[in-house]
Number of protein chains: 2
Amino acid sequence: MKEIEQRLTENGVRPTAMRILIYKYLAEKEAATSLTHIETAFAKADRTTLYRTLKTFEDKGVVHQIDDGTGIQKYALCETGCNCELEQDLHLHFHCNNCNETICLTEHKIPHINLPDGYVAEDANLVLKGICEKCSGK
Amino acid sequence: MKEIEQRLTENGVRPTAMRILIYKYLAEKEAATSLTHIETAFAKADRTTLYRTLKTFEDKGVVHQIDDGTGIQKYALCETGCNCELEQDLHLHFHCNNCNETICLTEHKIPHINLPDGYVAEDANLVLKGICEKCSGK
DNA sequence: CAAATAAATGCACTTCTGTTGCACACTTGT
DNA sequence: ACAAGTGTGCAACAGAAGTGCATTTATTTG
């Protein structure tokens, strides 16, 4: 519990009760989580609060946003010391067409691509879709 | 003009006036196009018609949908003979943070990724973001 | 050619997600 | 204790995607 408070403080986020709960929730889930998802988990909290909490987390580098192609924004905790802005830290994501979960494959970085002249890449997003470990029956 | 009719017919799409116009519009644009974009270009046509036309095109393999991370669905014409479903035909897309246009880099295929055991990839989406040729001043 | 059938189009409306404005509650520092 | 700043909740809005149904247009069939 204390570790969470510390982690938030380190990133410049004031550790309120709500924020600690949300952090804990994200930490327990292995998959990327949408606002709606969190909303149902925290029925008593307001959607705006959850929304702004996620935005704050994102701003401060606590979570990173994931676009998995479903059109719904998802969030997942950043690794300790990860630097999402840097190109070399960009990992890929896997979206399971069966269970609909999206997970970070933090070990798998996005390969470098040689672009045509004149193109400057600043960011990249790679999502693989298919059947995940759990759903393929191992 | 006749070529468009033929192309549509080949793909099992009845070449109505509307559809030919939309096809032509897409062919003239080099960038991926959103529904809203088309809507403003065809102010007199109904949004539903445009919407369903794009869906039909997509079903029949005339266009492919692009998710460029903006949260807005975009469409671009498929190359003749392209097989968007096949993994080896998956090209990457480039989204310019300056002019906000998304273009297909059909020459650049998505590199193959070695996934952990149990994961089966069926589809992939790679979007690079940065500054495009035009905006980088050559 | 006319009737019957199927496909395409247009209108209205709904849903879902993301987002913002404003007021109130709470925390923090002096 | 007070003032300033931050967090939270309520309400309302915006934009895009999608659906149902009526109407028009095209295609087939007798």
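Predicted model: local features only at pLDDT ≥ 70, side-chain atom pairs only at ≥ 80, totals over all residues.
Is B:Glu101 buried, partly exposed or exposed, and what is its relative accessible area? I started my notebook with that residue, and I found B:Glu101 partly exposed, with a relative accessible area of 25%.

**Entry 1: the partner of B:Glu101**

I looked for what the side chain of B:Glu101 meets, and I found a salt bridge with B:Lys134 at 3.8 Å, N to O. This pair links distant parts of the chain. B:Glu101 sits in the loop between S4 and S5 of chain B, and B:Lys134 lies in the segment after S6 of chain B, 33 residues apart. I checked the lysine too: B:Lys134 is exposed, with a relative accessible area of 57%.

Then I turned to chain A. There I found A:Glu30, A:Glu101 and A:Lys134 linked in a network of salt bridges.

**Entry 2: other salt bridges**

How many salt bridges does the structure hold over all chains? I read 12. I picked two more to look at.

In chain A, the side chains of A:Arg47 and A:Glu39 meet in a salt bridge at 3.7 Å, N to O. I noted A:Arg47 as partly exposed, at 47% relative accessibility. A:Glu39 is partly exposed as well, with a relative accessible area of 26%.

Why does B:Lys2 count as exposed? It does so because its relative accessibility is 60%, and exposed means over 50%. B:Glu5, at 26% relative accessibility, counts as partly exposed.

**Entry 3: the strands of chain B**

Next I followed strand S4 (residues 91–96) of chain B. I found this strand mostly covered, with 6 of its 6 residues buried.

Which strands pair with S4(B)? I noted two partners.

- Strand S5 (residues 102–109) of chain B runs antiparallel to S4(B), and 5 bridges join them. Here B:Phe94 stands opposite B:Ile103 in S5(B).
- S6(B) pairs with S4(B) in the parallel sense, over 4 bridges. Here B:Cys96 stands opposite B:Gly130 in S6(B).

I also looked at the turn: the hairpin of S4(B) and S5(B) has 5 residues between the strands. In that hairpin, B:Asn100 takes a positive phi near 65°. A reminder to myself while I was looking at strands: in a regular strand the side chains alternate between the two faces of the sheet.

**Entry 4: chain A as a whole**

I stepped back to see chain A. I counted 4 helices and 6 strands in this chain. From the N terminus on, I read the order of its elements as α-α-β-α-α-β-β-β-β-β. Its C-alpha trace spans about 50 × 35 × 25 Å along the principal axes.

How much of chain A is buried? I found that buried residues make up 42% of its 138 residues. I also looked at contacts in chain A between residues at least 6 apart in sequence, and 50% of these join residues at least 24 apart.

**Entry 5: where the chains meet**

My last stop was the contact between chain A and chain B. It takes 33 residues from chain A and 33 residues from chain B. The two chains bury about 2,700 Å² between them, 63% of it on carbon and sulfur atoms. In chain A, A:Ile113, A:Tyr119 and A:Lys129 lose the most area to chain B, together 20% of what that side buries.

I did find 16 residue pairs in polar contact between them.

Which strands of chain A each supply at least two residues of the side that touches chain B? I noted S4 (91–96), S5 (102–109) and S6 (120–131). S6(A) gives the largest share of that side, 12 residues. I sorted the residues of the side too: 18 are nonpolar, 8 polar and 7 charged.

Finally, I looked at how S6(A) meets chain B. S6(A) and strand S6 (residues 120–131) of chain B pair in the antiparallel sense, over 11 bridges. One position I marked is A:Val120, which stands opposite B:Ile131 in S6(B).

Note on methods: Residues numbered from 1 in each chain as written. Chains lettered and ligands numbered in written order. Heavy atoms only, no water. Contact = heavy atoms within 4.5 Å. Buried area = accessible area lost by both parts, 1.4 Å probe. Polar contact = N/O pair within 3.5 Å; in protein donor to acceptor, adjacent residues only side chain to side chain. Nonpolar A, V, L, I, M, F, W, Y, C, P; charged D, E, K, R; others polar. Pairing = 2+ DSSP bridges. Buried < 20%, exposed > 50% of the residue type's maximum accessible area, 1.4 Å probe, protein only. Salt bridge = Lys/Arg side-chain N within 4 Å of Asp/Glu carboxyl O.
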